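Hi everyone, thanks for coming. Let me put the sequence and the structure up, and then I'll walk you through one part.

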Amino acid sequence: MNLILMGPPGAGKGTQARRIAEKYKIPQLSTGDMLRAAVAAGSDVGLKAKAAMESGSLVTDDVVVGIISDRIKEKDCAKGFILDGFPRTVAQAEALDGMLSKESLKINHVIDVAADDEALVTRITGRMTCSKCGEGFHKEYKKPKKKNKCDLCGGKLTTRADDNEETVRNRLKVYHEQTAPVIGFYQEKGSFKEVDGMQAMDDVFGSLCAILG
Ligand code: ADP
Ligand code: ZN
């Protein structure tokens, strides 16, 4: 099963992708996570991506397309994969089409986790992530039992550098201008579905599983 999970920043696609990965035993390929790792490592890709990520703009298509085309050729993707945060432009969607047909692969589901902008700003500016296991928390909606510590593993909770209000507003603007058109691209292909990302997290997961079977 090859799946694309779409949605605006903060819609919860990362959290849902993690849960789907666990349930269906396929890897979550998050371009955001891969780029953050590249920035932290100071690699060539990281150097190219850093400024765009800090301002909430998109990293160039050639950089992310390069990352994904290498990644989907790895062994663990043979049984399927979840694309989380990619494609984010129509050009990326077209490039993905090209690389998949070369490998005789196809996308089975494209699902958009929809949510409205004001809720997204509140969600993102309060969120924290465990630096060890990746579990997400929120300073109002999902408080950790101990301050700045992960309930699951005790790891330190971190806030992303781009999760401040100014950058979030830019990420939303970029989403509407450059990523929302990708929905039309997949609607035309007939593989597109939407779930309501304003539901409680477990209900979003339920809606996704109902589609995936
Ligand atoms: P978000 O919560 O905004 O969905 P992500 O973790 O997916 O965050 O991505 C964080 C940042 O990484 C984006 O704002 C962008 O700069 C960069 N990025 C991630 N995926 C892509 C992509 N497919 N194309 C271009 N830039 C990307
Ligand atoms: Zn943890």
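Let's start with three strands that make an open sheet, ordered β6-β5-β7, with antiparallel pairing. At its edges are β6 (136–138) and β7 (157–158), each pairing on one side only. A word on terms: strands (E, at least two residues) and helices (H or I, at least four) are DSSP runs numbered from the N terminus, and two strands pair if DSSP finds at least two bridges between them.

Before going on, please note that this is a predicted model, where local features need pLDDT of at least 70, side-chain atom pairs count only at pLDDT 80 or more, and totals for chains, interfaces and linings use all residues. Residues are numbered from 1 along each chain as written, chains are lettered from A and ligands numbered from 1 in written order, and side-chain values use heavy atoms, without hydrogens or water.

Back to the sheet: β5 (residues 127–130) and β7 run antiparallel, joined by two bridges. There, C130 sits opposite L157 of β7.

C130 also takes us to the metal. Which residues are the protein donors of the zinc ion (ligand 2)? They are C130, C133, C150 and C153, each through SG, 2.3 to 2.4 Å away. Donors here are N, O and S atoms within 2.8 Å of the metal (3.2 Å for Na, K and Ca); water is not among the atoms, so sites may look incomplete. Along the sequence, the spacing is C-x2-C-x16-C-x2-C. C133, in the loop between β5 and β6, and C150, in the loop between β6 and β7, are 17 residues apart and link distant parts of the chain.
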